[in-house]
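Dear colleague,

I am handing over the structure below, and after it you will find my notes on what turned up in it. Please read them with the coordinates open beside you.

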Amino acid sequence: MKKHRIIFAAILGLLVITGVSCRYPQPVFSLHKPEYRIVGAWQVTHTYLNGTEIDSTNRDLVYETGYRANIPGTYYYIYADYVMQVMATYNGEIRYSSAGSWYFQNDFKDLVLQFSILGKRYNYVAAIQKLSRKELIYKYDDEQGNHWELHMNSRSS
């Protein structure tokens, strides 16, 4: 009987470890639901435009598209009540988005973001590649046919 308890405990432990360490979509045994994991402050750390990484040497590619909220260093503040705010810098000044919202669709596989900042209206559905309490990666295509991939790290404690 004791041997069965040890085997059961080992299997249960493996299932918990597997569930916690799995990548998105949400594992069956996740400790936190996607709504909990996404809430917080996120900073864009890497941006890819049509497969090219955007950094300080080629930011003009982003400026040409008008998608300034996708530049590394931009902050996305995502709140539990499906409200969000974006903070970006423009000509050395900090700018905040006007009313913004977010929500999941397609069984938490897609993230819908809607906001306006610096005269540009953002309204897109992004395919989530990874969502943990510390990292968010998603991809989407804009109206001009550009393919974006954003990597964000959590700045919440």
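To begin with the aromatic residues, Trp102 is buried, and Phe104 is buried as well. Please keep in mind throughout that this is a predicted model, and that every value in these notes is computed from it.

A search of the whole structure finds 11 aromatic pairs. One of them joins Trp102 and Phe104 in an edge-to-face arrangement, with 5.5 Å from centre to centre and 85° between the planes. Tyr138 and Tyr140 form another aromatic pair, a tilted one, for which the centre-to-centre distance is 6.4 Å and the angle between the planes is 40°. That angle counts as tilted because stacked requires planes under 30 degrees apart and edge-to-face requires over 60. Both partners here are buried, Tyr138 as well as Tyr140.

Beyond these pairs, one aromatic cluster is formed by Tyr67, Tyr76, Phe115, Tyr122 and Trp148.

Tyr82, which lies in the loop between strand E3 (75-78) and strand E4 (83-90), has a phi near 65°, a positive value in a residue other than glycine. Tyr82 counts as partly exposed because its relative accessibility is 40%, a value between the limits of 20% for buried and 50% for exposed. Asn91, placed in the loop between E4 and strand E5 (93-96), likewise has a positive phi, near 55°. With a relative accessibility of 66%, Asn91 therefore counts as exposed.

As for the chain as a whole, there are 3 helices and 10 strands, and reading along the sequence gives the pattern α-α-β-β-α-β-β-β-β-β-β-β-β. Of the 157 residues in the chain, 37% are buried.

Terms used: Residues numbered from 1 in each chain as written. Predicted model: local features only at pLDDT ≥ 70, side-chain atom pairs only at ≥ 80, totals over all residues. Heavy atoms only, no water. Phe/Tyr/Trp six-rings, centres within 6.5 Å; stacked < 30°, edge-to-face > 60°. Buried < 20%, exposed > 50% of the residue type's maximum accessible area, 1.4 Å probe, protein only. Helix = DSSP H or I, 4+ residues; strand = E, 2+ residues; numbered from the N terminus.
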